[in-house]
Every structure is written in structure tokens, then in C-alpha cells.
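Subject: Structure handover

Hi,

Here is the structure I promised you. Please open it alongside this note; my findings follow.

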Amino acid sequence: MRSATEVDTPAGAAAALLSTTAVRERARQLTERARAGESAWFTIDDDALAAAATEVADVTRGSYPDLQIPLHSRWRHIQSAGVDRKAALDGMLAGLDARARARALVDLTVVSVLLDAGAGPAWSYHEPQTGLRLSRSEGLGVASFHAFIDGMFSSDPDDPLRVDARGLAGLTEQRLAEAFQVDRDNPLVGLGGRAALLHRLGQALTSAPAIFGADGRPGGLVTALCPSGHHRVAAHDILAAVLTLLGGIWPSGNKIGDVPVGDCWRHAAVTGPGLTAGWVPFHKLSQWLTYSLLEPFEWSGVTVTGLDELTGLPEYRNGGLFLDTGVLRLRDAAAAHRSYRAADELVVEWRALTVILLDELAPLVRARLGVDAEQMPLACVLEGGSWAAGRALAQRLRDGLPPLTVVSDGTVF
């Protein structure tokens with residue numbers, strides 16, 4: 001944590017919240033408070049964690065019998081239904097050197113992650129090449145892949161396999177709707193929010209030409225973090241770059257003074273020095289983007305270290321796992337039938353408890369599977385895993401709907 005003097009300024013306080021150390025510290029405050037019976041919204045049944053771990057372990061072993069579990073990543077959705085779309089893209093990029101290929105893969109990853117938020121239960125994507133019809137995150141991933149290879153995010157018709165600032169600036173909601181097959185009978189939640197987020201990405205890329213180049217390409221992160229001759233990078237360094245360079249694109253409107261803080265939210269019970277008091281950071285989309293960038297970096301020959309410095313992702317599948325297994329219980333059962341905003345204290349607390357409970361769940365899952373943290377880092381627990389188990393429980397209990405309804409604009413959730 002920064003000094004009291006630094007956090008008494010908006011810029012210093014905002015900077016103090018830009019780390020997973022801050023995420024865990026604030027989330028832990030709310031978890032300890034709930035365990036002490038002081039939460040207005042939730043109780044925690046620690047005995048139920050064992051059942052949750054068994055549920056996750058069973059789902060993991062069912063999906064990955066050999067326990068060769070990939071990282072939790074947007075690439076799992078892009079590769080949906082066992083179709084190796086990356087191999088097809090690799091073929092298209094075959095004439096480029098390793099760094100150029102990596103930049104293209106990072107370009108795709110960034111836009112695909114930004115387009116990945118709750119799609120709603122009524123939307124799906126039909127992939128003409130395979131005949132598959134995919135919904136939710138899988139459908140969004142495959143739709144974004146095809147939009148990328150069709151050149152929708154590039155301003156250069158002769159170089160379609162890239163994302164650049166001019167291409168993003170020219171992207172209309174109508175073009176995005178066409179690419180994602182959206183119409184009256186196939187509505188996508190938060191379409192306008194997704195288009196606006198890509199426009200803000202373009203603006204962020206333009207504002208940092210030293211990193212993203214004159215064309216403003218997300219793939220500039222590759223050379224910025226791993227200049228020629230460097231072959232190692234820490235996961236948190238990737239996150240720090242994402243937060244610093246792209247943090248302004250998140251549309252929460254949350255600010256300390258006049259400084260945007262993105263996916264940070266108010267909770268009256270949280271303490272901290274200076275202007276950080278009352279703020280709970282999550283940086284969920286930034287961390288989801290970081291998790292998803294790990295493989296493109298590794299595919300370019302870079303070793304990524306310190307994976308477990310990242311936190312579990314506080315969204316409705318992981319959070320739903322703990323509600324549906326009874327680890328978390330609502331003090332007021334009727335609360336499950338209301339709708340909430342991301343800013344509501346109940347949602348902020350739900351997300352905070354999810355972060356800490358995922359940390360506590362991970363060793364229990366590993367013990368059931370007979371592996372250690374090196375073999376199964378948190379990123380693999382999520383993939384194996386907690387996210388899939390949360391979805392499976394939701395499907396069994398509510399036809400896939402989460403246990404709490406959070407009104408989404410297609411960005412935070």
C-alpha cells in the first residue's frame with residue numbers, strides 16, 4: 001500500500017487500487033466480516049466448501065480425465081466444440097515471423113475478451129463453416145474469431161488479420177450486429193455497450209503510440225513487455241500494463257476525484273488509508289484479459305511466471321458456484337428474486353467473497369485430484385473447474401440462469 005500522503009490524492013489512491021494485492025486485501029476484509037456474522041447480505045458455511053470442492057473436482061476429472069488442464073482463457077471459447085480454429089489462423093499467419101504472429105494473436109485476444117460478457121439466454125451464433133450453433137461465451141468467442149479473420153477490426157483491406165485504432169473507430173453497432181447475427185429473434189444483451197467499449201479501446205491505443213505503434217495495435221504489448229532478447233514476463237506485469245494502458249476504457253463511471261478507477265466499487269464497511277477507504281477493486285475484465293493473453297505470449301516463446309498472483313474471477317459463474325453449493329447463503333431468501341446493479345453493495349460483497357473463497361477452494365480441489373499448485377495453478381482450477389461447475393449447477397437448477405440477476409450493459413459481467 002502506498003504512503004498516507006500519496007493516497008490522500010485521487011491519482012495516488014487510484015494507483016493504490018491497481019494490484020491484485022489490493023483486490024485480495026479488500027475482499028478479505030469483507031470475507032472476515034461475513035464470517036463474523038456482520039454482513040447484512042450473506043452468511044458463509046465453511047463446512048460446505050468440501051462439497052463445493054468435490055463438485056469442482058468431479059467436473060474437472062470429467063472434462064480432463066488425464067488432468068492435463070489448460071489455462072482459463074478466452075481461447076477455450078474460441079476453440080469451442082473441439083474445432084481447432086487456432087490452427088486455421090496459424091495457417092493464415094504462416095508467412096509472418098514469430099513476433100508478428102504473436103501481435104496478431106494478441107490483437108484477436110484483446111477484442112474477443114472485450115466482446116465477452118453475458119450474452120443473455122436468447123442469443124446464439126451459427127458457424128456456417130461447421131454448422132455448429134453456439135451460445136453464451138462460446139458463441140461470442142467463435143463469432144469474434146470470424147469477425148477478426150474477416151478483417152472487421154482492421155482499417156487495411158490488404159492486412160485484415162489485425163486490430164487497429166482506425167478500424168475500431170469505424171466500427172458501427174450495425175456492423176457488429178451483423179457479424180454477431182443479431183436481429184429481433186436473436187437479441188444480444190449489451191450490444192451497444194460492446195461497440196462503445198471497442199471505440200474506447202481504439203482511443204486508448206491512439207493515446208499511447210510508444211507502446212501500440214502509429215497504427216494503434218493491441219499487439220504492441222508483446223514488444224513493450226518482451227523487447228528483443230527477453231523471454232520471461234511475470235503475469236502481474238502483463239496485468240499492470242493492461243490496467244495502466246487500457247484501464248480507462250472500462251465504462252463503470254467510478255472515479256476518485258476526477259480519476260477513473262474502472263472495476264472498483266463502493267462498500268461502506270471497507271477500510272483503508274486516505275481516499276482508498278470504502279473502495280473494493282476487482283479488475284475482473286483486466287484479469288480475464290491477462291489470463292487470456294498468457295497463451296499468446298507463451299506461443300511466441302515467452303515464459304510467463306507468477307500465475308497465482310492473479311485472482312480468481314469474480315463473476316456470476318464462480319460466484320454462483322458458492323451460492324448453489326451452500327457455501328454462501330443469502331440472509332434474505334427473497335433477495336434471490338430481485339435484480340441488481342454492479343454498484344449495489346450486495347453484488348460488491350458477493351464478488352469480494354468469491355475472490356477469497358476461490359483461493360480457499362483451490363487447495364481442496366487439488367487434494368481431491370492428487371495434484372499440487374505447480375501442476376494445477378489457480379488458472380487451471382478456474383478452467384477445470386470452478387467456472388464450469390458453476391455453469392453446470394446453474395443449468396441443473398435454473399436452465400443456466402445465475403442465482404442472482406445482475407443487470408448488465410455487456411461490460412462488467
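How much space lies in the largest cavity? About 230 Å³. Bear in mind that this is a predicted model.

**Cavities**

The count comes to 2 cavities of 30 Å³ or more. The largest cavity has a lining of 18 residues. Nearest its centre lie Asp116, Ser137, Lys284, Glu315 and Trp387. By class, the lining of the largest cavity splits into 8 nonpolar, 4 polar and 6 charged residues.

Four elements each supply at least two residues of that lining: helix H7 (136-149), H14, helix H15 (316-324) and helix H17 (378-398). H7 gives the most, with 3 residues.

Which residues make the contact?

- From H13: Ala235, Ile238, Leu239, Val242, Leu243 and Leu246.
- From H14: Ser286, Gln287, Leu289, Thr290, Leu293, Leu294 and Phe297.

The residues of this contact of H13 with H14 divide into 10 nonpolar and 3 polar, with no charged ones. The lining of the largest cavity, by contrast, includes 6 charged residues.

Best wishes

Key
Residues numbered from 1 in each chain as written. Predicted model: local features only at pLDDT ≥ 70, side-chain atom pairs only at ≥ 80, totals over all residues. Heavy atoms only, no water. Contact = heavy atoms within 4.5 Å. Nonpolar A, V, L, I, M, F, W, Y, C, P; charged D, E, K, R; others polar. 1 Å grid on protein atoms, 1.4 Å probe; cavity = no way out; pocket = protein on both sides within 12 Å on 5 of 7 lines; lining within 4 Å. Points joined across faces, edges and corners; volume = space filled by probe spheres on them.
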